[in-house]
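Hi there,

Here is the structure I promised to pass on to you.

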Amino acid sequence: MDRILPNSESVDLQSPRNNKEHHTQEMGLKRLIVRRGQSFVLQLHFNRSFHFGKDYLTFVAETGPAPMELLGTRATFSLTQARKGNVWSASDFTTDTNSLLVSFFTPASAVIGPYTLKIEISQGQGHSVAHPVGTFILLFNPWNAEDEVYLPSEILLQEYIMMDYGFVYKGHERFITAWPWNYGQFEEDIIDICFEILDKSLYFLENPSKDYSQRNDPVYVCRVVSAMINSNDDSGVLQGNWGEDYSRGVSPLEWNGSVAILRQWSARGKQPVKFGQCWVFAAVMCTVMRCLGVPTRVVSNFRSAHNMDGNLTIDTYFDQNAEMLPIQKRDKIWNFHVWNECWMIRKDLPPGYNGWQVLDPTPQQTSNGLFCCGPASVKAVREGEVHLPYDTPFVYAEVNADEVIWLFRNGQAQEILVHNTSSIGKEISTKMVGSDQRQNITGSYKYPEGSPEERSVFMKASRKMLSPRRASSPFLDLLGSRGSQDQPAQLQLHLAKTPEWGHDLMLKLHARRVPDRVHPRGPIRLVVRFSAQALLHQGDTREPLWRQTVHLDLDFGEEIQWPLLLPYENYRNKLTDEKLIRVSGIAKVEDTGRSMLVLKDISLEPPHLSIEVSKRAEVGKALRVHITLTNTLTVALSNCMMVLEGSGLIDGQIYNNIGTLVAGHTIQIQLDLYPIKTGPRQLQVLISSNEIKEIKGYKDIFVAASRAS
């Protein structure tokens, strides 16, 4: 019998069909991209008819630098009539003239990555001849019940795998801002960049074969990506910068999405992109993990503790003039912090800790020698099981630490102004499934504040995290206390109107006399010293930009509202790009010397963008976009630059220099887009200026298929 040989056009990878069935068609139809644990078909063409039982076909699939069957990076399997279990196989074939249609199956535990596929052809006991078949990319498969990232809900899969845009939540707990972000995980080159990231990790560089062999494990892959998104140990994607000088790169506030960051990293020799902060790190990690097939979401924690010494308290210091003092310790309370949750089974943990796992690519502390964090089971955090890997004590403290505020006098902390057991870990937020709304998921991280379960879990975690010596320290004595001590007055600061950047700020001090042990009924006199300081993202403050002193006489049962004015000129050139102000007041009771603290964090609103589209959006047809911005400030916005982005709408980014926008004036911009892909899309628009770095807007657009003309 003539030797059977593949002909010159020997293989049809059936990429359009396979990619659609494997939910990868958004990555393109030219290459074969499939998910593990699910069959796909190839068509092989030969120089004559194929005869099963006489012509023997053996397939070899390989990935990594030195493929070995023992490591799971090489698989050899023969053509059979039926599939045999959860193993590599080629079966269920049909023949047609000189062609063979074969169903290939990869196990749900296979190593992910780019593969080469070869075919070895032999007849009987004769020697075999190997021929290349082609290449394919294998990804995690959250649609498959055998995969460790299996998520049994099509609605959730559409959100946490297929959705290529979303929101990052920023600001502070009482003024949360939805920040649109273009994840862009299906842009054609992003999948290749994701594997470049894995191939640049220290794990790969140290032992490439071992690294590849562990890429079947989502826990391992997530940890590697968490370390590689930052550049503290390696040639990671982003360099962090928490200062205020971004002249050598891009301000973290000026990114619209992940695609430009990942492409820049790949194109410029894997040099870290400048610059990122927590929301940029987390959003880029979301892109990478969704691209690799792991259900992922971005989570924001407001008033997030950065507890480096593991004692579950964060100490803050004020002087008697209400100035928040610089902290020498690394313990801080960040206004907000952003991390990721990835969905997976945790075979390395006892039963009950599957599901959402915290992963945090922001470089805060080392974990097993590298700057990465997680995966930490959200369930373990809620139950205080801080001994479970990975980095659960650090995550637990981020959402549960106690805040102790001290009055600092004569060189030392002399008086506890406030002991807050519930001020940290507020409004933990993520994008709601199938909606542009925000979802509060605080309840998945902890029991309700002040409930018996919450304090019980706190004490359990404390005993595990504190050594026996420290367990008898004043810290545990504090745990029993409940908020502030017995005080003769209640003080609150309120905003009298919406705070807008470029305008004076109007506040009111509400003071109400209440009975206490020292002054059960009589009048009291208070001296209240106020201070306002620029508040930095990581919880630090600058020098005071405004001070005021108020004298109050309060009779029993009396309530006073005292107006306060913070002029624009006081803060005009004193704030960071994030436009946050902390107003603090220390009230001293004259005849006892006791002190009380009142605080208000203010986020200043920038002007608002309006985005409208004129008609139905169709692939390839001009779509007119109208963008309107009114400068509601009392000063001009100079050097205004507009950036547009949106996967499926724009290839890359569109830049438009719009110059200076005079105070009170409106600018209207019209431009045409030519949508590239069908389905729900989001247009992100950023206008940055010297005065305000982040005027952001977005527009959800549904793109229809092109109608035949």
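**Cavities and pockets**

The structure holds six cavities of 30 Å³ or more. This is a predicted model, where local features need pLDDT of at least 70 and side-chain atom pairs count only at pLDDT 80 or more, while totals for chains, interfaces and linings use all residues. Residues are numbered from 1 along each chain as its sequence is written, and side-chain values use heavy atoms, with hydrogens and water left out.

On a 1 Å grid over the protein atoms alone, a cavity is a set of points where a 1.4 Å probe fits but cannot get out; a pocket is an open set with protein on both sides within 12 Å along at least five of seven lines; and lining residues have an atom within 4 Å of a point. Grid points are joined across faces, edges and corners, and a volume is the space filled by probe spheres set on the points.

Let's start with the largest cavity, which has a volume of about 90 Å³. Its lining has 16 residues, and Thr316, Met324, Ile333, Gly539 and Arg582 lie nearest its centre. Strands E15 (313-318), E16 (332-344) and E21 (402-409) each supply at least two lining residues (helices, H or I, at least four residues, and strands, E, at least two, are DSSP runs numbered from the N terminus). E15 gives the most, with four residues. By class, this lining has seven nonpolar, three polar and six charged residues (Ala, Val, Leu, Ile, Met, Phe, Trp, Tyr, Cys and Pro count as nonpolar, Asp, Glu, Lys and Arg as charged, and the others, Gly among them, as polar).

The second largest cavity holds about 60 Å³ of space. Among the residues that line this cavity are Glu159, Tyr160, Arg290 and Lys431.

The largest pocket contains about 1,100 Å³ of space. It is lined by 38 residues, with Arg174, Leu491, Leu597, Val598 and Leu599 the closest to its centre. The lining of the largest pocket has 15 nonpolar, 13 polar and 10 charged residues.

In the second largest pocket there is about 570 Å³ of space. Of its 27 lining residues, Thr177, Ala178, Pro606, Glu694 and Lys696 are the closest to the centre. Which element gives the largest share of the lining of the second largest pocket? That is E11, with six residues.

Happy exploring!
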